Amino acid sequence: MFPARYAREMPHRYRLEAHKCKQCGKVFVPRREICDKCGATEFEVIRLSDRVKLVTYTIIHTPASQFKDQSPYALGICEFPEGVRLTAQVVDIDFADLKTGMDLQVEFRRIQTDGHEGILSYGYKFVPVI
Amino acid sequence: MRDVAVIGVGMPKWGELWDKSLRDVFVEAALLALADTKVDKLDNMLIGCMSGGLFVGQEHIGAIMADYLGQRHLAAGRVESACASGGLAFRCAIAEVASGMSDVVLAGGVEKMTDVSGDGATYALAAAADQEYEVFNGATFPGLYALMARAHMEKYGTTRDQLAHVAVKNHHNGTKNPNAQYPFEVTLDQVKNSVMIADPLRILDCSPITDGAAAVIVCPMEMAKDLTEKPLVKVTGLGQATDAIALHSRQDITTIEATTVAAKEAFAMAGKGPKDIDFAEVHDCFTIAEIVVTESLGFFEPGKGGPAVEAGETARGGRIPINLSGGLKSKGHPVGATGIAQIYEIVKQLRGDAGERQIENAKVGLAQNMGGSGASTLVHILEVA
């Protein structure tokens, strides 16, 4: 992955930053130039809560090549209290204990080892609430 | 706008076509479509191709195909909407003709997927999802549809057996299709015991990786009788819609809203409703997709798509036969070609020329073609003229 592309994604991947519409309050990840609810174009940066609810999940047995060392792994969609939903791995939990509607928390983790150079990429994963 | 007729269709055998190149595969289909008409010269050509670049390193598809079709200088271009690229090519071709810009237009679709490894194909296909927010975190296409499947199962009680019934039905239909990649039967047990890909979806819940192309030729209705001897087929309804590309950003992940919106538009244009459709070709890239799509199109209430396939309502001889061609599941899924192959099947059925697959009283057919996890949809309604 090219450094500029990776760097652009750091605010939400590293810090859970989201953009909140200054007019109607709708929250977005990633950032947008225009609010799809009210059409306003000004946003403030907020930090998302790190407690989420699991909406749905799957266990991936046939991943893309850069995830083969992690297979099988759970992948879930979670909803943040701010209304945003995101897709990420659910880790540190037995697959049998996964349940839609359960509370999870968001943690900063290594996501993948990129390309032949073995550059590490970081971001968020969902884990059980401690 | 001018009324538009489909006067020619062509589709060669699909599969792992190792002895054929991207251009070979396309030109073979285009020549079959031309041979189905009295046309020798086109005014325009639109080709659906999702990712010539990632699959074979070839872009600039319009020029290369016009040249190898023997029509150098033809106005030709490629359109893209992921797995709905073929459907989009058909829509653009109709717009060319309906508007009066062109008279005779070829709409084609092509994909050459087996020149890369399985990992290469997974990488290319993943480009139809949200690269930064889904794929980066480990999502795959079977994975995204598995997320939908679990949500649908938990909300409506859709069962593992009902998913398997889609595969069993479509493979059965595919046994009657000489162009299908996998024209063999599968049993409920085989589907349910096949290799796990993304729980609850197994390998026999997934459409395959395929090389293939298909082509159709459209012209103004008033010229159609002079350009073909085949029974005339008229395009009566068109619909197109998009949605958030990331599954997690959609309002409801147990339905495909882009399909509902596109279908409403197509039904309104044709002056028809779901009950007026005699048969349909829908985008069964995964078994759960067919169940969700038949609900989103309005053929069944939300949550009733699973029970309907289990009860045989979508089988040959059922209330509304779905995917008589074998669908993506058995026929194959060369992504850019799929939307055009659906039109091929609809036209064959409406002409009464579908061989062993022919159903009785095929007067109104519907094709639904979608991209990614449902972020784009094309719907077309065709009728006997």
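The model is predicted, and local features need pLDDT of at least 70, side-chain atom pairs count only at pLDDT 80 or more, while totals for chains, interfaces and linings use all residues. Residues are numbered from 1 along each chain as its sequence is written, chains are lettered from A and ligands numbered from 1 in the order in which they are written, and side-chain values use heavy atoms, with hydrogens and water left out.

Let's start where the chains meet. The size of an interface is often given as the accessible area lost when the parts come together. The contact, meaning heavy atoms within 4.5 Å, takes 37 residues from chain A and 26 from chain B. You'll also find 3 salt bridges across this interface (a side-chain nitrogen of Lys or Arg within 4 Å of a carboxyl oxygen of Asp or Glu). Glu132(B) and Arg5(A) form a salt bridge, at 2.7 Å from N to O.

Now look inside chain A. An automatic or database domain assignment gives it domain 1 (1–47) and domain 2 (49–130).

Over in chain B, find helix 7 (residues 160–174) and helix 11 (residues 287–296), which pack at about 95° with axes 8 Å apart. Axes are lines fitted to C-alpha atoms, for helices over the stretch in contact, and angles run from 0 to 180 degrees between N-to-C directions. Helices are DSSP runs of H or I, at least four residues, and strands are runs of E, at least two, numbered from the N terminus.

Most residues other than glycine have a negative phi, and most peptide bonds are trans. Val29(A) and Pro30(A) are joined by a cis peptide bond, with omega about 0°; Pro30(A) sits in the loop between strand 2 (27–28) and strand 3 (43–47) of chain A. In chain B, the bond from Asp199(B) to Pro200(B) is cis too, with omega near 10°. His60(B) has a positive phi, near 60°.
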